[in-house]
Amino acid sequence: MNDLLKIADRTFNNRLFIGTGKFPSVKSLRDSIIASGSEIITVALRRVNLDNTDDGIISAIDRSLQLLLPNTSGARNAEEAVRLAKLARAAGCGNWLKLEITPEPRYLLPDPIETLKAAQILVKDGFIVLPYINADPILAKRLEDVGCSAVMPLGSPIGSNRGIKTIDSIRIIIEQSNIPVVVDAGLGAPSDASLAMEIGADAVLVNTAIAVAGDPAQMAQAFSYAVKAGRLAYISGLAEKTFRANASSPSAEA
Amino acid sequence: MKIFVNGNEHELEGSSITVEDVIKTVNMPSMGLVAELDGEIISNKDFSKSLIKDNSKLELIRIVGGG
């Protein structure tokens, strides 16, 4: 089946994005990326710790198979996000960017005003911008209008594993969006990823649920199946829900 | 000369010292690395061309895991 995901000028066969934080080892990350078949991999940028220079994360990623999607995590406002974006580009990450501005650490919820401001600046500067947002349909449209290439609404707070608590708003975003919708954050189990795909999300991003699993590579594979199953269900057309029974066997009189 | 690398003071001998020389001094692999020299972003390919001044502030930033 030819069912490609198109974002900006690129097409992808796989609809599961993988985040690279919290993995127990570089090997475990590499195995998980391979097991997932993921083609879009997020990374972050941090000031180097001069006492501990060993972070070989980049060696786990095969740039011929996977697109690097650096994030601006750690940014608390538009200015900090723009700086991180430019650093990522100079570090050789290319011009794709997950724009992420989280001013408070307790819930790590994204700041909509600073995100829109930064998106405008970064789109003009030639970045392919995929903003991490709360599931706000109006904000999603505003970001589409300023030239973002996808929107990434959250299911629940980052790393919380609570699944899609924002489902009704995500449905509205999907209904109204002309750019891909990638459900990001909070997907704790493969069934959460399936649900996102069943309601018509174009892709999902998963990090914590895979990275902290007992067997990350196997969990990556489980999420990969779930995303494929959910996508197939969506494009096949799900049956309608009814309150009352509708017999699936012929009635007795017939 | 005296420089600051990620906020830590370093004394360096000689002249015409580049960002690349400093990275070697602090024993840092340059893969996935980017620098900011006195607020200006320096990409990996320009490390060997960028000269450090006395009292320069050099920030070294690396690609790490993240979601």
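Visitor: Why is B:N55 called exposed?

Guide: In this predicted model, B:N55 has 11 other C-beta atoms within 10 Å, and because a residue counts as exposed with 12 or fewer such neighbours, B:N55 falls in that class. B:N55 is found in the loop between β4 (40-42) and β5 of chain B, where its phi is positive, about 70°, although the residue is not a glycine.

Visitor: What makes A:L108 partly exposed?

Guide: A:L108 has 17 C-beta neighbours inside 10 Å; since exposed requires 12 or fewer and buried requires 20 or more, A:L108 counts as partly exposed. A:L108 lies in the loop between β6 and α3 of chain A, and it has a positive phi of about 50° without being a glycine.

Visitor: How do you know whether A:P216 is buried or exposed?

Guide: The count for A:P216 is 23 C-beta neighbours inside 10 Å, and because the threshold for buried is 20 or more, A:P216 is classed as buried. This proline is found in helix α8 of chain A. Leaving aside neighbours within four places in sequence, A:P216 is in contact with A:F23, A:S28, A:S32, A:I210 and A:A211. A:P216 and A:L29, which are 187 residues apart in sequence, are 7.8 Å apart in space, C-alpha to C-alpha.

Visitor: Why is helix α6 (residues 190-198) of chain A described as largely enclosed by the rest of the structure?

Guide: Seven of its nine residues are buried, so the description applies to α6(A). The buried residues are A:P190, A:D192, A:A193, A:S194, A:L195, A:A196 and A:M197, and the buried residues of α6(A) pack against β9 (182-184), β10 (203-206) and α8 (216-236) of chain A. Just after this helix, A:G200 takes a positive phi of about 105°.

Visitor: Which residues have the most contacts inside the largest nonpolar core?

Guide: The largest nonpolar core has 97 residues, and A:V182 and A:V204 are those with the most contacts inside it. Helix α2(A) gives the most to this core, with eight residues. Not counting residues up to four places away in sequence, A:V182 touches several residues, among them A:F17, A:L130, A:A150, A:M152 and A:V204.

Visitor: What makes β6 and β8 of chain A the edge strands?

Guide: Three strands form an open sheet in the order β6-β7-β8 of chain A, with parallel pairing, and the edge strands, β6 (96-99) and β8 (152-153), each pair on one side only. Strand β7 (residues 128-133) of chain A pairs with β8(A) in the parallel sense over two bridges; because at least two bridges are needed for strands to count as paired, β7(A) and β8(A) meet that requirement. Helix α3 (residues 112-124) of chain A lies across β6 and β7 of chain A and runs at about 175° to β7(A).

Visitor: How do you know that β4(A) and β5 of chain B are paired?

Guide: These strands, β4(A) and β5 (residues 57-65) of chain B, share five bridges in the antiparallel sense, and because the requirement is at least two, they count as paired. Within this pairing, A:A44 stands opposite B:V64 in β5(B). Across the two chains, 28 residues of chain A are in contact with 23 residues of chain B. On the side of chain A that touches chain B, the elements giving two or more residues are β4 (40-47) and α2 (78-93) of chain A, and the residues of that side divide into 13 nonpolar, ten polar and five charged.

Visitor: Why does the radius of gyration of chain B agree with that of a compact globule?

Guide: A compact globule of 67 residues would have a radius of gyration near 11 Å, and because chain B has 12 Å, its value agrees with that expectation. The C-alpha atoms of chain B fill a box of roughly 40 × 25 × 20 Å along the principal axes, and 33% of the 67 residues count as buried. Along the sequence, chain B follows the pattern β-β-α-β-β-β.

Notes. Residues are numbered from 1 along each chain as its sequence is written. Chains are lettered from A and ligands numbered from 1 in the order in which they are written. This is a predicted model: local features need pLDDT of at least 70, side-chain atom pairs count only at pLDDT 80 or more; totals for chains, interfaces and linings use all residues. Helices (H or I, at least four residues) and strands (E, at least two) are DSSP runs, numbered from the N terminus. The radius of gyration is taken over C-alpha atoms; the globule rule is 2.2 Å times the number of residues to the power 0.38. Two residues are in contact if their C-beta atoms, placed from the backbone, lie within 7 Å. Ala, Val, Leu, Ile, Met, Phe, Trp, Tyr, Cys and Pro count as nonpolar, Asp, Glu, Lys and Arg as charged, and the others, Gly among them, as polar. Axes are lines fitted to C-alpha atoms, for helices over the stretch in contact, and angles run from 0 to 180 degrees between N-to-C directions. A nonpolar core is a set of buried Ala, Val, Leu, Ile, Met, Phe, Trp, Tyr and Cys residues joined through C-beta atoms within 7 Å.
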